[in-house]
Amino acid sequence: MQADRSRTGGMFHAPKSSPWGEVQSCETLCPGVFLVSTASHGGTMVANEVAAVLSPAAKKCGFKDKGYICYEEDAQESVVLRELLDKKLWKIPDRIKDKGQFEEKLNQSIRQYHPEYWRARQSGREAAEAARSTAPAKEAAR
């Protein structure tokens, strides 16, 4: 727990309770984002103060509870992990040897359980790529 406070500058404190019960273990993924486990379940909890880093589509996949947007570990959690990876706010832990396979499992889960989020993510990525590819052409024309 102390390591979590030092990583977040003391601003965010690991939750002691969750929608799934009393927190038994908690890992800080990035400031204000916690991976929690309870006796029977768990998930990821995103403090309201940092929820702005999540896309509107990702926010819709979670549910609100006591100052957090919460994501169930079974199917919703992959959405928040994908968001954090895409925004480079979190990296896959070194203990996971096949990072490509880990990402593909995240993507498979999202496509299966949250196809609306997946479509919104892909659409946003395509729009960003199109904007990047036209930006050099516009500057060259000046």
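Cys30 stands opposite Val33 of strand 4 in a predicted model, for which local features require pLDDT of at least 70 and side-chain atom pairs pLDDT 80 or more, while totals for chains, interfaces and linings use all residues. Residues are numbered from 1 along each chain as its sequence is written, and side-chain values use heavy atoms, with hydrogens and water left out. Helices (H or I, at least four residues) and strands (E, at least two) are DSSP runs numbered from the N terminus. Strands are taken as paired if DSSP finds at least two bridges between them.

Strand 3 and strand 4 are antiparallel and are paired over five bridges. The two strands form a hairpin with two residues between them, and Gly32 in this turn has a positive phi of about 85°. Strand 4 also runs antiparallel to strand 5, to which five bridges join it. The hairpin between strand 4 and strand 5 passes through four residues. Across this second pairing, Leu35 stands opposite Thr44 of strand 5. In a regular strand, side chains alternate between the two faces of the sheet.

Val33 makes contacts (heavy atoms within 4.5 Å) with Glu27, Thr28, Thr44, Met45, Val46, Val50 and Leu84, when residues up to four places away in sequence are not counted. Val33 is also, with Val46, Tyr71 and Trp90, among the residues with the most contacts inside the largest nonpolar core, which has 32 residues. Two or more residues of this core are given by each of strand 3 (25-30), strand 4 (33-37), strand 5 (42-47), helix 2 (56-61), strand 7 (68-72), helix 3 (77-86), helix 4 (99-113) and helix 5 (115-141). Helix 3 supplies the largest share, five residues. A nonpolar core is here a set of buried Ala, Val, Leu, Ile, Met, Phe, Trp, Tyr and Cys residues joined through side-chain atoms within 4.5 Å. Buried denotes under 20% relative accessible area, exposed over 50%, and partly exposed the range in between (1.4 Å probe, protein chains only).

Helix 3 is mostly covered, with nine of its ten residues buried. The buried residues of helix 3 are Glu77, Ser78, Val79, Val80, Leu81, Arg82, Glu83, Leu84 and Leu85. Ser78 counts as buried because its relative accessibility is 8%. Leaving aside residues up to four places away in sequence, Ser78 touches Leu106, Ser109 and Ile110. Lys88, which follows helix 3, has a positive phi near 55°.

Two aromatic pairs are found in a search of the whole structure. Rings of Phe, Tyr and Trp (its six-membered ring) pair if their centres lie within 6.5 Å, with planes under 30 degrees apart counted as stacked, over 60 as edge-to-face and the rest as tilted. Trp20 and Phe63 form an edge-to-face pair, at 6.2 Å centre to centre and 85° between the planes. Trp20 lies in the loop between strand 1 (17-18) and strand 2 (21-22) and Phe63 in strand 6 (residues 63-65), so this pair ties together parts 43 residues apart in sequence. Trp20 is buried at 12% relative accessibility, whereas Phe63 is partly exposed at 26%. The pair of Trp90 and Phe102 is tilted, with 6.3 Å centre to centre and 55° between the planes. Trp90 is buried, with a relative accessible area of 12%.
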